[in-house]
Amino acid sequence: MHTNVSFYRRAHEALHDARLQGALDLATSRMVSARTTAFAAFPDGDAVRDHARRIRAHTLSRLDHYLDRFTENVEARGGHVFYAESGDQAVEYIRSLARSRHVRSIVKGKSMISEELELNRALEADGMTIVETDLGEYVIQIGNDHPSHIVAPIVHLTRHDVAALFKRTLGATDAEVADIGAMTALARRVLREAFLGADMGISGVNFAVAETGSVCLCTNEGNGRLTTSLPRIHVALMGIERIVPTLDDLGVMLQVLARSATGQKLTVYSNLLTGPRRSPGEPDGPEELHVVLVDNGRAEVLGGELAEILYCIRCGACLNVCPVYQEIGGHAYGTVYGGPIGSVLTPGLRGIVPFKDLPQASSLCGACREACPVRIDIPRMLVALRTQSVTESPAWLRAGMSVYTWLATRPAAFRLAGRVGGAMLRWRSRDGWIDRLPGPLKGWTSTRAFPAPPKRSFLAKWQAEHAGRPQPTGDGANSTAGPTGNTPKAGAQ
Amino acid sequence: MVTALRRRVQLFVTCLIDQFHPDTGMAVVKVLNRLGVEIEVPADQTCCGQPAFNGGFADAARDMARKTIDVLSVSDAPVVVPSGSCGDMIIHQYTRLLEDDPAYGPKAAALAARTFEFSQFLVDELGVRDVGASARGAVTYHACCHGLRGLGVREQPLDLLAGVRGVEQRPLPECETCCGFGGLFSVKLPEISSAMLARKLENIESTGADTIVVTDVSCAMHMNGGLRRRKSRARVVHLADVLASTAAGGDTPAPHA
Amino acid sequence: MMTPEQRERMRTRIREKLSTAVLPGARPEHPGVLPLNTTAASADDLLDGFVREFTALTGIVHHATDAASAAAAIRSITPTPGPQSILAWSESALRVPGLYDALAAQGIGILPAHVPFSGPERTARLGELAAAQVGVTGALACLAESGSLVVEHGDGRGRLASLLVPVHIAIVRRSAVVRSLADVFRHRPDLTASTSNVVVITGPSRTADIEMTLTRGVHGPREIHVILM
């Protein structure tokens, strides 16, 4: 995971990348309207979302219990469960498993957590070939790129980008990249060979089911099924929080996941795996199933005020509706998880200080919370993170806020400061507007004029008009009341 | 629904209206008076503390919250706030901020229970959609985020605008998308804020409306600042400015006197 | 590879962290099953619903009454019928007695489905299976709400028959249509007890990764058919 030092620079570049802007508009508007349409046609949608939230909340509150049950049930069906506290431990487990089973080639389904772990790099260093099989992730892999969106990883690329890439890295002919259909067919052929020859398949997990010891994978392409059915070893990587208690609960999650992500009722394949192949009767499936439960900072998040972020089911709806994400895309965040979810999860998992810019990159509009299928209150947690890192605020802001607070708790001083400040602004103004604010406030006036305040504030006008009037009720020691009804002198012009 | 005509409320005018848009404060009073509501204006009101809270300055926000609670608790009259963001602050965030304060926690809850955003007060409390206003021209409505998602202010401003004689309402594309103000966000991340603003202004221009109506003066200042730079004829006004207008066949008021 | 202490340490850590966790809306008891107000639909309504949704996903519906008509339907779908064209579930799994003979009569042969774990036999078998044109499976249920097929694998019911092939055909009883996945889980709470894999299939394989443009038949089948018996 790359550091966040240059978030501002990356955001700046994204804002000036016309092609990216076009791609972001297309992708996010499509997905937003698909989601809206899907929920409009889903009359039980609100009730189901509320229920989904209750399920996630309850599950996390008894996470240890459900992980126990899940483990028992996986093992009862002949699977293995490995508990990895750190990313390194997870990687080490998979590496030594691969070595001991003489694995040479690996196919991989989409897994965000594997990116947290930087798993591919470690396995390649061991001399294994590892191929991403989700089309978007495959393009990212052969292009040495990074995904820009949880659900649609290559929204930032055009068909021409992909065509050029296929020609360069696969030696594709013009005919083979003539259009999107051709490129998809080419990828299918190439990846099919990888599937057929692979010794190990590594997948993510959308939901683990505690009561049955199952893992559920939701994909549209079929690569998730091939990855988990063809190779003789299947490794399923999951964050410890990706678990639900029962099959019924899984059904609830499936009702909201695809609708929130792409507007589909269900993804094409909801693939429920319980242990390895049941030989000798079952003709296909893996010989071994290993579930790797990864903490990697999640227990830490669970222990505090950011725990709600673990309700997330990775649908990507918050990214699509976020007006900031719509402008800068996923790369700007510079981390595995971008957008609203990433702005909380990344500092939560990795610490606030190196990622203090991410929670600032929000107007707190709340669109994410509104779109989230489990109603995660992301703005609350962004403010919590800002509060945690307030000492990292620039000096001018901390000083300014102290002064402002001092004044705001002393009404007479506040009024005076308002008169003085107003006069200064009017002095700088031309025609009622200020075109250059000083110092750190110049960001405003780079693209906006700032209004000069009128000479008399509302409270000054009100006092002037109502001084000395009798107070109707209350003790009114520090209030003045205006007359009622339609009398022409009613305190307004 | 429709309550006794003689009502009395306190006006929490908000620091931005007080300093930058005093006429909007006057407009709020005018509209409420027209509906038979008496107004108290606590003289010691200052700032609800939202900029501090959103910026992560929790202690500062608590100081301002306690002060505001004190100021608004002298009288037990309901509080009307012509701002979704300040309204959300008082109605939802004060109780959170002060949940560990044995003295102010309960006071925050009591205040929250009798505080209303302006359009919600008119429609949901007074049961009024027609405030006797008339104006002229084409308007379009932008839904400010805190009011919309924090307080559920959705239909009320539109109902009130529909009650204004002579005004043509045009729908704003992406009307619920944030304008990019976000408080300190507008100066800390000015490029992103400006990109969001540009998108909002393009949507506004596409309606051809000269007047944009909002329920938050903060958003108005942000958008007007951008419109000024574009040398646009369009202006953003507060809902109260439109509702106070009774100019027979007159124009909707400009935000700057 | 992992010591019990490691697992215990993680569990203890989680329990510890739970004491300070801020989990809005969490209750100690499980929230149960959501009771949704759904009026009972008739079997015909369910079937119509399924056909409508399935067709909207570009699925193609056929009807058959016996082994011969089923075999004829399969033949009509198979591009070049021959002895190695089809990857299918066992006849007993398909629950159409005589189907294999009927297919043989149409000149269509079934590939052996078993995939060894390793060795040259595995490579050879996979090579054969990868060339199959059509896969034939049954389905535990059809979902009216979403046009989905719920496929329960097991003895004689391989995964690849609905996965490796470009064209997937599911032979289903008309009475197997239910409203939604919740109904399946309710009728079969033991669903995962005797199978390693249940998959809910909703349309042909697809992607919109490139420029949000929809393409079908990425890794899984590009065409799906259902033969209603």
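Two strands are taken to pair if DSSP finds at least two bridges between them, and helices (H or I, at least four residues) and strands (E, at least two) are DSSP runs, numbered from the N terminus. The model is predicted, and local features need pLDDT of at least 70, side-chain atom pairs count only at pLDDT 80 or more, and totals for chains, interfaces and linings use all residues. Residues are numbered from 1 along each chain as its sequence is written, while chains are lettered from A and ligands numbered from 1 in the order in which they are written.

**View 1. The open parallel sheet of chain B.** Four strands of chain B form this open sheet in the order β6-β5-β7-β8, with parallel pairing. Its edge strands are β6 (165-170) and β8 (235-238) of chain B, each of which pairs on one side only. From one strand to the next the twist averages 40 degrees, where axes are lines fitted to C-alpha atoms, for helices over the stretch in contact, and angles run from 0 to 180 degrees between N-to-C directions. Strand β5 (residues 134-141) of chain B is joined to strand β7 (residues 211-214) of chain B by three bridges, and Y141(B) stands opposite V213(B) in β7(B). Helix α12 (residues 217-229) of chain B packs on the sheet, where it touches β7 and β8 of chain B, and its direction makes about 165 degrees with that of β8(B); two residues are in contact if their C-beta atoms, placed from the backbone, lie within 7 Å.

**View 2. The two domains of chain B.** Chain B is divided into domain 1 (7-124) and domain 2 (130-243), with bounds that come from an automatic or database domain assignment. The centres of these domains of chain B, taken over C-alpha atoms, are separated by 22 Å. Their contact involves 28 residues of domain 1 of chain B and 25 residues of domain 2 of chain B. On the domain 1 side, the elements that give two or more residues are α1 (15-20), α2, α3 (50-54), α5 (84-97) and α7 (118-125) of chain B.

**View 3. Chain B against chain A.** In this interface 66 residues of chain B are in contact with 69 residues of chain A. Helix α2 (residues 22-34) of chain B supplies the largest share of the chain B side, eight residues.

**View 4. Chain A against chain C.** Of the two pairs of chains in contact, chains A and C share the most contacts, and 81 residues from chain A and 70 residues from chain C take part. Helix α3 (residues 45-61) of chain A gives the most to the chain A side, with ten residues. Strand β9 (residues 269-273) of chain A runs antiparallel to strand β9 (residues 197-201) of chain C, and five bridges join them; the bridge partner of L273(A) in β9(C) is N197(C). Chain B and chain C, by contrast, do not touch, and their nearest C-alpha atoms are 13 Å apart.

**View 5. The largest nonpolar core and V292(A).** A nonpolar core is a set of buried Ala, Val, Leu, Ile, Met, Phe, Trp, Tyr and Cys residues joined through C-beta atoms within 7 Å, and a residue is buried if 20 or more other C-beta atoms lie within 10 Å of its own. The largest such core has 307 residues, and those with the most contacts inside it are V292(A) and L293(A). Helix α12 (residues 247-261) of chain A gives the most to this core, with nine residues. Leaving aside neighbours within four places in sequence, V292(A) is in contact with residues including F82(A), Y93(A) and L237(A).

Key: Buried ≥ 20, exposed ≤ 12 C-beta atoms within 10 Å, placed from the backbone.
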